[in-house]
Every structure is written in structure tokens, then in C-alpha cells.
Amino acid sequence: MRPAPTILHLDMDAFFAAAEQAAKPSLRGKPVVVGGIGPRGVVSTASYEARVFGIRSAMPTAQARRLCPNAAYLNPRFTLYRQVSEAVMHLLHGLSPLVEPLSLDEAFVDLEAGGVAAETSAVRAVGERLRRDIREATGLTGSVGLAGAKMLAKIASEAAKPDGLVVIEPGTERELLGPMTVRTLPGVGPATAEALRRAGITTIAETAEAGEAELVRLLGKAHGAGLYAMALGRDDRPVVAERDAKSISVEDTFEVDLTDRTRVRSEVVRLADRCVQRLRAAGRSGRTVVIKVRSYDFSTLTRSDTLRGPTDDPSVVREAAIRLLETVDTTGGVRLLGVGVSGLADFTQEDLFAQVATEREAAETAKAAQEHTADEEGEREPREQLPRRWLPGLDIVHDEYGAGWVQGSGVGRVTVRFETPWSAPGRVRTFAVEDPALRPGEPLPLVRAEPPEAQSSEPAIRPKSLSPAEETASEAGEEISSR
């Protein structure tokens with residue numbers, strides 16, 4: 001434990017949803033849900049206005065729609081989120097060389113390594129300045145926690161939400177942690193919490209009072225000893241600037257279960273290629289190929305195959321994934337497929353003879369998939385004549401009206417709201433989905449550098465103090481289409 005709160009934890013507030021509110025003036029102060037919008041979609045992020053209705057991350061979107069049918073349900077725009085994340089991480093690297101990103105919107109910073117004085121007043125000033133800089137650079141808000149350990153800094157940032165700062169003074173840890181539920185501690189999931197509950201332990205104070213020996217008896221040596229240390233506020237984990245990825249994977253959930261074996265096979269080939277693209281973008285290779293198959297009844301199987309050496313060759317990964325697929329029965333229907341590579345390395349060690357065989361196998365698979373597609377296309381209109389699909393939330397540009405975003409679509413029509421992050425709420429217009437004046441757009445920056453007076457002073461999120469009536473009020477015609 002450090003004698004001063006020099007570990008900072010930043011967590012952006014409702015990041016994806018707040019970014020959408022900042023980009024779409026008509027949605028500010030209203031419930032916004034970002035995630036999969038299909039019948040099998042899952043909520044990625046909900047704005048604070050949506051959380052009032054009980055909507056939470058990882059909730060099925062269908063359930064969220066029942067709780068708040070008039071919320072804006074939007075597809076994620078990861079290009080925008082990465083742009084904002086890069087701006088935030090740039091600010092963090094300006095504070096210290098030791099920055100440990102946990103995700104696009106969350107990171108630890110070792111302020112001591114950045115030369116900040118080990119005094120509460122000094123670190124508090126840095127935290128407040130960081131919040132101001134993030135607001136100016138992105139238009140979004142973030143919550144900051146400061147403590148002498150990573151676990152405590154994360155707990156502090158959670159307590160600071162939204163748009164706040166909390167400092168945990170060294171020496172006050174046990175008093176602060178005591179009344180909190182044991183689920184607050186890292187590594188305590190439902191199973192561990194239930195085991196502790198059966199022993200009469202529900203709070204962190206009760207966990208500390210139980211003693212290390214009792215926790216080891218209940219949970220095992222490693223887990224029990226670690227949990228006892230955390231209950232006392234002890235966490236000596238350093239801030240690590242480079243977190244080495246253990247695996248790279250991609251997966252897709254399908255709106256309709258896949259029952260055709262050739263289609264399943266072609267989807268695995270496609271996912272394998274996407275996985276290799278991510279692998280190469282990271283400058284890595286891997287020696288273990290993994291597939292994930294979730295059936296119609298939600299049962300999930302994983303299969304893996306370890307190669308002779310690390311590879312980033314798409315044909316090798318495709319061949320391994322297809323070989324693994326042959327061991328899985330998919331006749332009942334497949335709702336999700338995934339392909340991943342683990343055992344990562346910075347070099348490749350290829351078997352040239354194996355590559356020749358895998359390339360031949362991949363060519364045969366591609367040919368079979370093309371023939372299958374051709375058979376299907378022969379029974380319907382050519383693909384180029386199918387209507388374009390405009391998904392809610394995505395950027396769009398009209399030759400006459402300029403930039404906007406898709407508010408909803410269905411029955412051959414698409415509704416577009418024309419507005420920008422720095423404009424007033426825009427007008428809504430409806431077009432045919434095949435209107436030649438419409439084309440996909442790119443995300444606009446959330447903050448316009450010039451002129452500064454044009455920037456809105458309103459935050460992208462609203463504080464928790466607003467009433468549900470204020471948060472859910474919406475003008476007629478501004479609901480997002482659920483189609």
C-alpha cells in the first residue's frame with residue numbers, strides 16, 4: 001500500500017451511450033441504449049436516463065425494449081468510440097508513462113511515476129484537471145478515483161459516478177470498505193458470494209473478521225488468501241503499461257439459427273479470416289486455434305487445436321477451424337459462431353507442406369460456398385437489386401441535406417435526422433431506402449475546434465438528480481423506430 005493516493009483510475013461515464021448523445025443533439029437528456037438491436041441483441045451500454053428504467057449492460061435488448069420502449073436503440077459505432085478513446089488515452093499518457101488501459105473507456109495511471117507529488121492536494125488537482133481536459137477534448141465526462149492501490153482507486157471511481165472525483169486517503173480503507181457488499185471485491189462472483197453467504201458472510205467487514213484460515217477453508221488457499229488481503233484493503237499490484245493479450249477472437253450471433261452445414265462452414269471461414277486480420281493488425285501470431293459454437297438451446301461448445309508453431313497465415317487458421325467444426329454436431333441449429341487464436345507470439349513458424357494442403361482445402365470450401373450461394377440466388381432477385389439496409393444510429397450523408405443519422409427504417413423507407421454534434425436538434429426527413437442521394441457517412445468529431453463559441457456547454461449526460469419525468473420527456477415524432 002502506498003502512503004499517498006497516487007494511483008488514478010479513470011472510467012468514462014456511460015461511454016458508448018454518452019458518445020451517441022454528444023453526437024446527436026436530439027438525444028441529449030433522453031434514454032439511449034447502444035448494442036445489438038435485433039431479436040437476439042444484447043445491451044452494451046445504457047445512458048443514465050435509460051438506467052432509471054432498470055436497463056443494464058448485458059441485458060437482452062428485447063427485455064430492455066419492454067422496460068423502456070421509447071428509448072433510442074442504436075447500433076454501436078466503434079470507429080467513433082476508438083477515436084474518442086485515443087484522445088482520452090493521449091491525455092492520460094501526458095500525466096505519466098505508466099498507463100494501463102483496461103478497455104476503450106477505462107484505465108489506471110501511476111501518478112507517482114509521472115512526477116506528481118505524493119500529497120493528496122497535488123493528486124486531487126491532477127484529477128480535477130484531467131476531468132476538465134477530457135470534457136474540453138471530447139465533450140464527454142469521466143469519473144476519477146484516487147487511492148494508494150488499484151482496487152481502491154477503482155472502487156473510488158465507481159463511487160464518483162457520474163462526473164465526479166473521489167479520493168480514498170490511506171489509512172481509511174477498512175472504514176470505507178467495511179459496510180460494502182462482498183461482491184464489491186475483484187474476483188467475487190455469484191458462486192463465491194453464495195459460498196460466503198452460506199457461511200454468514202455478506203459484507204467486506206465480515207469477510208475480514210472471518211480471518212484468513214476460514215476463508216481458505218471455504219474457498220481454497222489461493223482464492224481465500226487473496227480475498228482476505230483485499231478485504232483488509234491490501235493490493236500491491238503495480239500499474240503495468242503493457243498488458244499482453246492472451247488471445248484474439250471474433251464471433252457473430254445470427255438472427256436466425258443456421259441449419260445448413262455449408263452455410264455454417266462458410267461462416268467459420270469468414271470468421272477465421274476476420275480473426276487473422278485482427279491478429280496481423282496487432283503484429284502477432286498464435287499456435288492454438290479455437291472455435292466456439294452456441295446451439296439453438298444456448299448450449300455452448302468450444303474446440304481447440306494446437307499447431308506445430310505460431311502462425312498468422314489465414315489458410316492455416318481456416319483449415320484448423322474447419323477441422324474443429326467437423327467434430328461438432330450442428331444439425332439442431334447454430335445461433336452463434338466464433339473463431340479465436342491463443343498462445344500468441346511475435347513470430348511465425350510455418351509448415352510449408354501443411355500450407356499447400358490447407359490452401360487447397362480453403363479453395364474447395366470457398367467454391368462450395370459460392371455454389372451454394374448461387375443456388376440460393378437463382379431462386380430470388382439478384383443481390384444487387386436487394387434493398388439497402390440502414391441500421392438505426394449509423395451515419396448517413398444526403399447530397400442536398402448533408403450529414404445525419406438513421407433514426408429508423410422499414411417497409412422500404414428510411415428516416416434520417418439531419419444534425420451534427422455542434423448543431424441544434426435537426427429536422428427529420430424520410431426517403432426511399434434506394435434513394436441515390438443517400439450514402440453511408442463517417443463519424444464526425446464530437447467537439448469542433450472552430451469556432452469555440454459554437455460548442456455547447458451542456459454535458460453529454462445528465463446527473464442522477466434529475467427526475468424520471470425530466471429524463472424521459474420527448475417531443476412527438478422523436479422516438480426511434482423499433483423496426
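Trainee: What kind of model is it, and how do the residue numbers run?

Mentor: This is a predicted model, where local features need pLDDT of at least 70, side-chain atom pairs count only at pLDDT 80 or more, and totals for chains, interfaces and linings use all residues. Residues are numbered from 1 along each chain as its sequence is written, and side-chain values use heavy atoms, with hydrogens and water left out.

Trainee: How many helices and strands does the protein chain have?

Mentor: The protein chain has 15 helices and 17 strands. Those are DSSP runs numbered from the N terminus: helices are H or I with at least four residues, strands are E with at least two.

Trainee: And what share of the residues is buried?

Mentor: Buried residues are 46% of the 483 in the protein chain. Buried means under 20% relative accessible area, exposed over 50%, and partly exposed in between (1.4 Å probe, protein chains only).

Trainee: Which residues of the largest nonpolar core touch the most other members?

Mentor: That core has 39 residues, and the ones touching the most other members are Leu8, Leu10, Leu92, Leu111, Leu140, Leu146 and Leu446. Helix H1 (residues 15-23) gives the most to this core, with seven residues. Apart from it lies another core of 28 residues, including Phe108 and Ile201. A nonpolar core here is a set of buried Ala, Val, Leu, Ile, Met, Phe, Trp, Tyr and Cys residues joined through side-chain atoms within 4.5 Å.

Trainee: What does Leu446 touch?

Mentor: Not counting residues up to four places away in sequence, Leu446 touches Ala19, Ala22, Ala23, Leu80, Val84, Thr138, Leu140 and Pro421. Contact means heavy atoms within 4.5 Å.

Trainee: Switching to helix pairs: at what angle do H12 and H13 pack?

Mentor: Helix H12 (residues 261-281) and helix H13 (residues 314-325) pack at about 140°, with axes 9 Å apart. The axes are lines fitted to C-alpha atoms, for helices over the stretch in contact, and angles run from 0 to 180 degrees between N-to-C directions.

Trainee: So what do we call that arrangement?

Mentor: That angle makes H12 oblique to H13. Under 35 degrees counts as roughly parallel, over 145 as roughly antiparallel, 65 to 115 as roughly perpendicular, and the rest as oblique. Among the residues that meet there are Val268 and Ala272 in H12, and Val317 and Ala321 in H13.

Trainee: How far apart are the axes of H10 and H11?

Mentor: The axes of helix H10 (residues 212-219) and helix H11 (residues 221-231) come within 7 Å and cross at roughly 140°. That makes H10 oblique to H11. Among the residues making the contact are Leu215 of H10 and Leu227 of H11.

Trainee: New topic: is Glu20 buried or exposed?

Mentor: Glu20 counts as buried because its relative accessibility is 0%. Glu20 sits in helix H1. Leaving aside neighbours within four places in sequence, Glu20 is in contact with Val32, Val34, Leu74, Asn75, Arg77 and Tyr81.

Trainee: And where is Leu336?

Mentor: Leu336 is in strand E12 (residues 334-345). Leu336 is buried because its relative accessibility is 2%.

Trainee: What about Ser85, which helix is it in?

Mentor: Ser85 is found in helix H4 (residues 78-93). At 7% relative accessibility, Ser85 counts as buried. Leaving aside neighbours within four places in sequence, Ser85 is in contact with Phe15 and Leu104.
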